[in-house]
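Please read this briefing alongside the sequence and the model.

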Amino acid sequence: MPAKQYWIIDDDPIARILIRKKMAKGHPDFQVLEFTNGQEALAKVEGLEMDQAPLFILLDLNMPIMNGWEFLEECHERLKSLNVNIAILTSSIDEKDQRKAHDYDGIVCFLNKPLKLELLEEYFPGNLIKN
Amino acid sequence: MHYLFGIDGDQSDTQFRSIRADQMDSFNIAHLDAGSKVWIMDSLWQQQSKELQNRAIKVFRDLKAGLTERLSGTSIAHLHWLMKHENSLWEQSLRHAQNPGLLFSKEGQLVYINAAASKLFKCDFTPALNSKDFNIDDKLLFQPFSPVSHHCSIGLPNAKLTLEGQLSYLNNSPEAYLQFEIQAIESLNTSQSSEKLKHRILLQESLGAYVILNEEGQVKFASEEIQNIVGLAPNKLLNKVCSDFQHPEDRKVFQDYLKRLKNKPKERYRIKYRVRHADGNYRWVRTSISNYLEDSEIAGFVMMVQDIDEPERELLDSNQRFKWASKATKDVIWDWRFKDGTISWGENLKEIFGWEAQDLNTTDKWISCIPEEDQQGIHDSLEKAFANGSEIWITRYRFKKQNGELAYILDRGYIERDSQGEAIRLIGAMHDYSEQYFYEHELKNERRKFQQLFEHSLIGAAMLNLNDLKWQDCNQSLLNILGFKQEEFLNLHWKDLIPLEERALNDVKIELLKAGENISAYQSSWLRKDLATTRLVVSAFKANDIQGNPIAWFHLLDLGPIEESNRALVEAESRFRQYIEKASDIFIYLSSRGEFEYISPNISTLLGFKPIDLLGTKIEEIIHPEELNYVKFSFQKAYLNPGATYRSVFRIKSRTNQWLWVEANGSFQTKGAELKAFINLRDIQKEHEAEAELRKLSLVANRTSNGVLIVDHEHRVEWINESFSKMSGYSLEELQGIKMEDMLHGENSTTTSDDRLLRLLEKKKPFRFENINYKKDGTEYWIESIVTPIFDDRGKLVNYLSIESDITERKLEEFDFQRNLQLISEQNERLRSFAHIVSHNFRSHGSNIHQLIHELNVTTDQILKEELHSFLEISSNGLMQALDELAGLLEVESASDLPTEELQVADYCKRIRQILSRPTMEANAELEFNIPEGFTVNFYPAYFESVLFNLVSNALRYHDPHKDPWVKVSVKEDEKAKYLIVADNGLGFDSNKHGEEVFKFKKSIHNHPDSSGIGLYLVRSQLESLGGEIKVESEIGKGSTFTIILPK
């Protein structure tokens, strides 16, 4: 069985470090892949095999080159077929963004930074993450 | 030489002595002429002995039997009777004597002159016998029957005759003749004496043979003229029964007339019958017969007999004239034998209509050239003319020419009837008035155009029932004026609209209307629906509705510059009708010197002159001086070009010295050996007035402040008013006939081929339309127009007229509003940007700091703590930077009307080079400023520096590490703007894909550590706040070129 894996897509290096640290504390068994914008992540999604797919993606919205929404627009179908869950993790408190999140069924939760692990776990049923 | 004959009773033969001397004094004796030897004696007949009377009667009879006998005393007495009792006969023969005759009393009184004398003296009078008014000049120079000295004179009622004469005795006979020469006739202004009835009759009937019948219908007298009609001398007819000369078929009719007439004194009948000529043929005559049985002096029927052949000859003559005239016009003469259905045609039939005579020689062939819908009209008009005994038939119809064209025909004919009054023949002329028709048609259309203009824009019309004073109908304009809806208005009583203080004035008008008078325009204030009063010009006329109820039509005009328009319109309409109803051309022909040689009699209806007044005078004497040269010129042209028709329009003087407009069409034709001008004159006074009306109307239209534009169905401009001209800068002449899209429309206009416009026009209702027009100088302006399409009777679009107002200002306001709206939305967008900045930039740093501090608090590991500290520092720097950027942004957003100045670009470049010396060095880039000395831009200094700084520092920041980086700054200038160009060979991006995005807030396209995405947004904001622009061209891996455009 391949190792449990999740992705961070965020342009802010400090934010990435802080997320990584928090995840490592609660779930040291998870491997992480980091991308600084949607485009980089998209390149990875293309050609992704089922067994290489992450359990979930922590997706920032506001990024240069390709932002979170643009990324989803490009590949949410593909991600859905790969059973990848999306968690939006953003500093945006814009309600519009929250409403928009309902348009994609791959999105399981909309979280504000900083990341609170217990909230993330709550949104993943079947102890997907807690294990 | 003229003769006057007389005899002195005293010197007559011995038998005369039997008359007493005292009675002799009252004798008047005259000898009429040498041939007839009739003697007249005037005396107191009643006082004569019976014997003398009998003898006088015998002499009279002898005379009547044609005896010529020298008078004896007995004859004189007989003649006395003759004079008393056969006055009319005597007078008649005296009257028709060829020689002038004057009759004097013994006292030297002139008691009678005959027709020949009266013609000679040119004094149109026939004095009554024994009249005391006519005295021979004083001194009694003219002693009757005695030699007269030279140079005596006779006083006439309105003339004075100077005679030179001598009384002489011929052949030693007792008869005395006055032989005289006329020396002079001097006109005197005296009133004419009244004439006796018989003379009047004779005068009136002087145009034909004159016959007197007794009660039994026997001829008692016939004038010489009768010989021309029946070929018999008058004396051969005496005592014959009149009917014997008549056609057997006509006798009964004549007898019936006579019987009927018997009981009707002074009554007159006109009949036609045939009489037998001595040559055996019957001829048609027209007779008027009057009853003078009760007149003691006539005691019979007086008949005036006219040969119908005569007028027919005249008709032929006039036909000849008509032929000449018709060469100058477009008239084709025809002769329609109604009974047998044949038609013969004038020579110019082919020329005018293209048909040969045999193509149209029957009624059916002729009718077949007339469109079916016009045939009924011909039928009806003929029937009407036949039924009411009219002599003239006039109708209008369309007529198909041989080439298939339809000509508009005015046909006029003279109806000839038989004795039963039944029409047997028509002679007349078809007048092709197509041109006139189209002209009239055009006028009509013009009028309709204007009428529509006013109906749709200005004049309110409403119908009032005069019985219950309720409104029954109205148009939209009226509702607009008074503010009611139609159903509200139609429930109103007349008084509901009149305020108390105006009641009296308006009540008077209603009373007048009820009395049948029309109300010309008056001013009054009426109530609107909102109970405010409005000042109106009101006019009204009375009419009846379909049920015959009295109604009044009111016209209301909101008091404005056009108050007369309504009246003008009504006037124009009535004049128009008059004009269409009139149709009478006048034919004249002139000698080559311009003298009248023939004038048709109907000239009198136009000018009041009789033809005789003008014959021989020159036409130029009655042409208006202003047109004289022009008329002379075309006259000369026509003269030099015989056969060609020329047209002139000029004014001609009437008898009452008024100038009337006429149109003359004419040409020179050879008549005999000479060239004559045959001219057809047409009264165009009404057209002129109608045109003047139109001019008036167009003036009215001109005076409105709105532009008025009339366009034909092909969108060609037909007419514009002055306001439109002012609005557009074009004159009527410049636009007339031009398609709207060629001049008035431009790239931003809705063109005439626009579907919406066409659809609206098809709806046949006025509509509103907004469009952009272009002035002559090219300026765009917005118009709002109320467009009224005008359709002809067949429902085809003929014209549309557009009442336009310049709404550019309103449009500009609208655009201002739009711009403000956009500004506000932009402002909103910016506010959202702030929200964005707050939520992203601040919050992201904030959340980092928040979490870092938390981590710091829980971490004991020193190394980790230092790392966290360094993160904290980065985050707090980021936060600070975000704040600075926001401050800069806020500054731009709130900046307005920044002071600009001329900036030396080179100076700024130097400063930028200094500021950016470190990054330049770090990137190892070459920074090149290529600015001509003294090149300036007009800009706000701080922003210019900021723009330049951002662009150059961006170029340095995104340099390509694999190349030798360079940044080049240059300027250029053209007539529109100055340009600052910042080019680099850095990383570049796909400007086709991201061209606009790079300037958006927070749209960093580089995944670069320093890429905050705010720089270019700021640059653009700063530039745009001062009217500048920025553009970019870039390609990945090749570099970018930013161009700043600063318009002059």
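The model is predicted, and local features need pLDDT of at least 70, side-chain atom pairs count only at pLDDT 80 or more, while totals for chains, interfaces and linings use all residues. Residues are numbered from 1 along each chain as its sequence is written, and chains are lettered from A and ligands numbered from 1 in the order in which they are written.

**Backbone features in loops**

- Asn83(A) has a positive phi of about 60° although it is not a glycine, and its place is the loop between helix H3 (68–81) and strand S4 (85–90) of chain A; helices (H or I, at least four residues) and strands (E, at least two) are DSSP runs, numbered from the N terminus.
- In chain B, Asn924(B) likewise is a residue other than glycine with a positive phi, near 55°, and it sits in the loop between helix H29 (917–923) and S35, where it is exposed, with 10 other C-beta atoms within 10 Å.
- Lys113(A) and Pro114(A) are joined by a cis peptide bond with omega of about -10°, and Pro114(A) belongs to the loop between strand S5 (107–112) and helix H5 (117–123) of chain A.

**Chain A as a whole**

- Chain A contains five helices and five strands, which run β-α-β-α-β-α-β-α-β-α from the N terminus on.
- Of the 131 residues in chain A, 40% are buried.
- Among the contacts in chain A with a separation of 6 or more, 69% are between residues 24 or more positions apart, a contact being two residues whose C-beta atoms, placed from the backbone, lie within 7 Å.

- Helix H12 (residues 372–387) of chain B has 16 residues and reaches 23 Å from its first C-alpha to its last, close to the 22 Å expected at 1.5 Å a residue; the expected span is 1.5 Å times one less than the number of residues.
- The number of buried residues among the 16 of H12(B) is zero, so H12(B) lies largely in the open, and the helix is followed by Gly389(B), whose phi is positive, near 70°.
- In helix H28 (residues 905–915) of chain B, the buried residues are Val905(B), Tyr908(B), Cys909(B) and Ile912(B). Seen down the axis of H28(B), these buried residues fall within an arc of 105°, so they line one face of the helix; the arc is that of the directions from the helix axis to the C-beta atoms.
- The face of H28(B) turned away from its buried side carries the exposed residues Asp907(B), Lys910(B), Arg911(B) and Gln914(B), whereas the buried residues pack against elements of chain B that include strand S34 (901–904), strand S36 (936–939) and helix H30 (941–957).

**Nonpolar cores**

- The largest nonpolar core has 37 residues, and those with the most contacts inside it are Val947(B), Leu951(B), Val952(B), Val967(B) and Val982(B); such a core is a set of buried Ala, Val, Leu, Ile, Met, Phe, Trp, Tyr and Cys residues joined through C-beta atoms within 7 Å.
- H30(B) gives the most to this core, with eight residues.
- A second, separate core of 36 residues includes Phe35(A), Leu58(A), Met63(A) and Leu79(A).

**Strand pairing in chain B**

- Five strands of chain B form an open sheet in the order S35-S37-S38-S40-S39, with mixed pairing; two strands pair if DSSP finds at least two bridges between them. S35 and strand S39 (1029–1035) of chain B stand at the edges, each with a single partner strand, so one side of each is left without a neighbour in the sheet.
- Within this sheet, S37(B) and S38(B) run antiparallel and are joined by seven bridges, and Val969(B) has Val982(B) in S38(B) as its bridge partner.
- Strand S16 (residues 392–400) and strand S17 (residues 406–417) of chain B pair in the antiparallel sense over nine bridges; they form a hairpin with five residues between them, and Gly404(B) in the turn has a positive phi of about 90°.
- S17(B) also pairs in the antiparallel sense, over nine bridges, with strand S18 (residues 423–432) of chain B, and in their hairpin, with five residues between the strands, Gly421(B) takes a positive phi near 80°.

How values were computed
Buried ≥ 20, exposed ≤ 12 C-beta atoms within 10 Å, placed from the backbone.
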